[in-house]
Structure formats: structure tokens, C-alpha cells
Amino acid sequence: MQRTSNVGINTKSDHYSEADHVRFKERLDVGLRALAQVLKQPDFGAGPASIGAELELGIVDAAGRAFPIATDIVHAAGDPEITPEMGKFDIELSTPPVLLAGQPFSALRAAMGERVHEIERHAEARHARVVP
């Protein structure tokens, strides 16, 4: 599933008013009602069991300070499974679902390992490091 928005990408403040909290709760309620509808679908969960994973990665400079270049790295990677996270120095790596049968954790590890190395290469090109 490809994302159509990046949560928090336009966040410009770390202080929120009561009206902001009310609007957030309303939007959360809309999302939860949508999820409830999906869960009610008769074919939800049909098919082979599968799992996926997400990994949050931080970007730091040579001194270990948060380095706000996540968007640059995400754009350079050009992979819909590599997205910016809430902060400008955080990246989220999502895996496609893998079948639970067999060796799912090995499959997840392989999928994540390749993408983490790609993120590291883009970070190093910008004199940064990736931290889990």
C-alpha cells in the first residue's frame, strides 16, 4: 500500500491550543470510524496470514546532533516505503507484507537491510549518520 500523505510533514509548532487538540480528536475519530468499517468487511483478514514492520530511523550529524535532512534523504531514495516521519530528522521505513508461513522474519530482515543500507548511503553523502 502506497501512502498518500506524510503524517506531520507540515507540522510547524510543538505547542498546540485547545482548538488544535479538539481538531486532532475529531480527525482521529474519523480515522477510527473508517477503520471500524474496514474491520466489518466480510473478507477482511481473508487469505494467508501476513505481517509487515516499520522501523524508525534518526538522522544525526558528525557530533551526534539531530540533523534535519530527512526529506532530502527520502527524496533521494525515491522509494514509497521510505518516508519522512514527524520530525525533520526522522525517517520511517516500512516493509511490504510477507507471508507469516515459512521464514517471515528472515524476509523482513532482508527487505529492511537493503533499504537501511540505501538510507545510510544517502545520509553519508550528506555527512550524516543513521541511528535506530
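This report walks through the sheet, the salt bridges and a surface patch of the structure above.

A quick note on the ground rules: this is a predicted model, where local features need pLDDT of at least 70 and side-chain atom pairs count only at pLDDT 80 or more, while totals for chains, interfaces and linings use all residues. Residues are numbered from 1 along each chain as its sequence is written, and side-chain values use heavy atoms, with hydrogens and water left out.

Four strands make an open, antiparallel sheet in the order 3-4-2-6. Strand 3 (82–84) and strand 6 (129–131) sit at the edges, each pairing on one side only. From one strand to the next, the twist averages 35°. Strands here are DSSP runs of E with at least two residues, helices are runs of H or I with at least four, and both are numbered from the N terminus; two strands pair if DSSP finds at least two bridges between them. Strand 2 (residues 54–60) and strand 6 run antiparallel and are joined by three bridges. Within strand 6, Arg129 is the bridge partner of Val60.

Helix 3 (residues 104–124) lies across strand 2, strand 3, strand 4 (90–94) and strand 6, and runs at about 15° to strand 2. Contact means heavy atoms within 4.5 Å. The axes are lines fitted to C-alpha atoms, for helices over the stretch in contact, with angles from 0 to 180 degrees between N-to-C directions.

On to charges. The structure has five salt bridges, each a side-chain nitrogen of Lys or Arg within 4 Å of a carboxyl oxygen of Asp or Glu. Among them are these:

| Pair | Closest N to O |
|---|---|
| Arg23 and Asp20 | 3.4 Å |
| Glu81 and Arg115 | 2.9 Å |

Glu81, in the loop between helix 2 (70–77) and strand 3, is 34 residues from Arg115 in helix 3, so this pair links distant parts of the chain. Salt bridges with shared partners join Asp79, Glu81 and Arg115 into one network. Arg115 counts as buried at 18% relative accessibility; the cut-offs are under 20% for buried, over 50% for exposed and partly exposed in between (1.4 Å probe, protein chains only). Asp61 is also buried, at 14%, whereas Arg65 is exposed at 54%. Arg23 and Asp20 are three residues apart in helix 1, about one helical turn.

Finally, Phe24, Leu28, Leu32, Leu35, Val38, Leu39 and Phe44 form a nonpolar surface patch with about 670 Å² of accessible area together. Patch residues have over 30% relative accessible area and no salt bridge, with like charges joined within 9 Å and nonpolar side chains (Val, Leu, Ile, Met, Phe, Trp, Tyr) within 5 Å; areas come from the Shrake-Rupley method with a 1.4 Å probe, and for residues only the protein chains shown count as cover. Leu39 lies in helix 1 (residues 18–40) and is partly exposed at 46%.
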